[in-house]
Amino acid sequence: MSRVYNFSAGPAILPEEVLREAAEEMLDYQGSGMSVMEMSHRSKVYDGIIKEAEADLRDLMNIPDNYKVLFLQGGASQQFAMIPMNLMKNKKAAYIVTGQWAKKAFQEGQNYGEAVKVASSEDETFSYIPDCSDLDIPEDADYVYICENNTIYGTKYKTLPNTKGHTLVADVSSCFLSEPVDVSKYGIIYGGVQKNIGPAGVVIVIIREDLITEDTLPGTPTMLKYKTHADADSLYNTPPAYGIYVCGKVFKWLKKMGGLSVMKERNEEKAKILYEFLDESKMFKGTVRKEDRSLMNVPFVTGDKDLDAKFVKEAEAAGFVNLKGHRTVGGMRASIYNAMPKEGVEKLVAFMKKFEEEN
């Protein structure tokens with residue numbers, strides 16, 4: 001079996017050891033005589049799986065006791081509506097728009113009340129994070145919303161915005177578990193798992209308990225109330241059971257690797273290899289302001305569309321796949337999530353050097 005180096009932005013690379021373990025348990029999970037895929041979510045065995053996954057995640061992130069962990073469906077995109085439905089008591093919220101997903105959340109928020117754009121980096125194709133130290137946030141805003149790591153554009157908040165006492169809500173889909181995080185700074189921190197944690201189909205929402213109330217916007221469906229899922233420990237209906245099981249395995253893998261501070265060091269080391277090459281290359285250029293660069297998603301261009309296309313094609317033939325940039329940016333993008341080994345980045349850079357010499 002030959003595995004490629006998969007630089008996809010999501011669904012993305014998973015730790016090989018996790019995949020092997022899941023493969024070994026595929027037909028018989030720990031002597032139960034069946035696969036986790038076939039198992040009742042109400043069974044004792046599955047209850048153990050989901051509870052252990054939550055306990056390991058709490059441990060990894062040091063999640064305070066007054067936060068609930070919810071394993072939901074609908075991806076991050078469904079949260080764009082669920083958040084205002086549950087939190088917009090004053091029918092007003094502030095949004096910082098630093099990329100396509102933050103923009104979509106902002107547009108969705110307008111369906112439920114007054115969504116106010118308090119900062120944006122759209123003027124320069126989202127290639128930087130605006131200064132958020134003194135924003136004009138409406139007094140009566142219910143929350144301030146950010147997308148912390150912008151997968152498409154390769155930017156990351158290095159400092160959280162000054163929310164002036166308002167609840168911070170953050171989509172962390174593409175930087176989830178890539179570094180230590182102080183959960184207490186957020187009202188809600190959430191993300192789709194298919195980038196840095198598990199297979200597509202699960203979104204994890206970590207929410208402060210005081211934000212979980214019966215008092216949602218009129219007409220909010222039962223399935224879109226946080227209280228529904230919090231009261232039922234994520235088992236109100238059939239959850240994405242197999243996906244949660246794989247996430248649980250990734251949490252164990254992360255703990256075995258040494259936790260989030262070790263992952264941060266590894267991720268910084270990997271990103272440095274690629275960014276240093278981009279900074280000295282005559283052909284390839286990074287597209288993001290240096291101080292706002294993401295450790296997870298690295299977009300770059302040659303400045304020539306045909307050359308970009310040639311690079312992507314030749315890279316794929318050499319075993320470096322999914323390097324084509326998002327259609328809104330063009331060029332290339334290497335997503336180097338937790339599961340990407342350092343050697344994958346080193347080999348990619350060696351390939352880029354060779355390509356540069358030949359072209």
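**Reading strands, sheets and helices**

Guide: Strand 5 and strand 8 (residues 167–171) run parallel and are joined by five bridges. Strands (E, at least two residues) and helices (H or I, at least four) are DSSP runs numbered from the N terminus, and two strands pair if DSSP finds at least two bridges between them. This is a predicted model, in which local features need pLDDT of at least 70 and side-chain atom pairs count only at pLDDT 80 or more, while totals for chains, interfaces and linings use all residues. Residues are numbered from 1 along each chain as its sequence is written, and side-chain values use heavy atoms, with hydrogens and water left out.

Visitor: Which residue of strand 8 does Tyr 143 stand opposite?

Guide: Tyr 143 faces Thr 167 in strand 8. Strand 5 also pairs with strand 3 (residues 92–97), in the parallel sense and over two bridges. There, Ala 94 stands opposite Val 144 of strand 5.

Visitor: How many residues of strand 5 are buried?

Guide: Buried means under 20% relative accessible area, exposed over 50% and partly exposed in between, with a 1.4 Å probe and protein chains only. In strand 5 (residues 143–147), five of its five residues are buried. Both faces are covered: Tyr 143, Tyr 145 and Cys 147 lie on one side, with Val 144 and Ile 146 on the other.

Visitor: Which strands form the open sheet, and in what order?

Guide: Three strands form it in the order 11-12-14, with antiparallel pairing. Strand 11 (285–286) and strand 14 (332–335) are the edge strands, each pairing on one side only. Strand 12 is joined to strand 14 by four bridges, and Pro 299 stands opposite Arg 333 in strand 14. Helix 7 (residues 260–280) packs on this sheet and touches strand 11, strand 12 and strand 14. The direction of helix 7 makes about 20 degrees with that of strand 12. (Contact means heavy atoms within 4.5 Å.)

Visitor: Why does Asn 297 count as buried?

Guide: Asn 297 counts as buried because its relative accessibility is 0%. This residue is found in strand 12 (residues 297–301). Leaving aside neighbours within four places in sequence, Asn 297 is in contact with residues including Asn 149, Ser 174 and Tyr 275.

Visitor: What describes two packed helices?

Guide: The angle and the distance between their axes describe them. Here the axes, which are lines fitted to C-alpha atoms (for helices over the stretch in contact), have angles running from 0 to 180 degrees between N-to-C directions. The axes of helix 7 and helix 9 (residues 342–358) come within 9 Å and cross at roughly 10 degrees.

Visitor: Which residues of helix 7 and helix 9 meet?

Guide: Among them are Ile 273 and Phe 277 in helix 7, and Val 345 and Glu 356 in helix 9.

Visitor: Is Lys 324 buried or exposed?

Guide: Lys 324 is exposed, with a relative accessible area of 62%. This residue is found in the loop between strand 13 (320–321) and strand 14.
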